[in-house]
Amino acid sequence: MKPHLLAAALAIVGGQAHALSCMRPDPIMTFQQLADAPETYFVLYGQLAFNAADLPPAVMEKQMQTPAPIRARFVGHGLSQDGFTIDYVTDLILQIGCAGPWCGTAQSGVDAVYFVEATDPPLTIQAGPCGGRIFEEPTQAVLDALTRCMQGGDCSAQPLQ
């Protein structure tokens with residue numbers, strides 16, 4: 001292989017590898033990042049219900065388009081100063097995002113914390129390839145930490161057991 005072709009091939013492979021160099025998502029760090037964002041976000045805790053057959057495969061060959069939106073229903077609670085105390089039930093959209101052949105995912109019927117941009121209905125939950133907006137099966141420590149963040153208390157990203 002000629003040196004300039006090898007360099008080009010390495011650049012392409014490096015670009016794809018970079019797309020997968022995701023930091024491990026952390027719900028507290030996500031809360032902090034989105035609290036500083038110009039958009040407004042809801043922090044929801046509960047379950048999505050949708051047809052799992054509508055999810056794209058975990059690894060899609062030559063993915064060039066965003067997968068079709070998936071209709072879902074959320075049943076759970078919204079975060080307030082008092083914790084996850086606001087009953088929240090709504091139809092919404094689950095949008096899977098992809099980076100090259102790697103796509104995000106979500107599970108139907110599993111307790112999770114969802115960070116959802118507050119937009120006109122229907123709301124859209126983003127499931128990106130690196131995660132960061134959906135945290136499945138959170139511990140009580142995570143839920144308590146998010147409540148402290150919402151109250152303006154200690155909101156430091158730290159390992160939560």
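Predicted model: local features only at pLDDT ≥ 70, side-chain atom pairs only at ≥ 80, totals over all residues.
Residues are numbered from 1 along each chain as its sequence is written, and side-chain values use heavy atoms, without hydrogens or water.

Let's start inside. A nonpolar core here is a set of buried Ala, Val, Leu, Ile, Met, Phe, Trp, Tyr and Cys residues joined through side-chain atoms within 4.5 Å, with buried meaning under 20% relative accessible area, exposed over 50% and partly exposed in between (1.4 Å probe, protein chains only). The largest one has 19 residues, and Leu48, Phe50, Leu94, Tyr114, Ile125 and Ile134 have the most contacts inside it. Two or more residues come from each of S1, S2, S3, strand S6 (112-117) and strand S7 (124-127); strands are DSSP runs of E, at least two residues, and helices are runs of H or I, at least four, numbered from the N terminus. Another core, of 17 residues, lies apart from it, with Phe31 and Val43 among them.

Now, how many salt bridges does the structure hold? There is one, counted when a side-chain nitrogen of Lys or Arg is within 4 Å of a carboxyl oxygen of Asp or Glu. Arginine 73 pairs with aspartate 91, and their closest N and O atoms are 2.8 Å apart. Arginine 73 sits in strand S2 and aspartate 91 in strand S3, so the pair ties together parts 18 residues apart in sequence. Arginine 73 is partly exposed, at 37% relative accessible area, and aspartate 91 is partly exposed too, at 48%.

Thanks, everyone!
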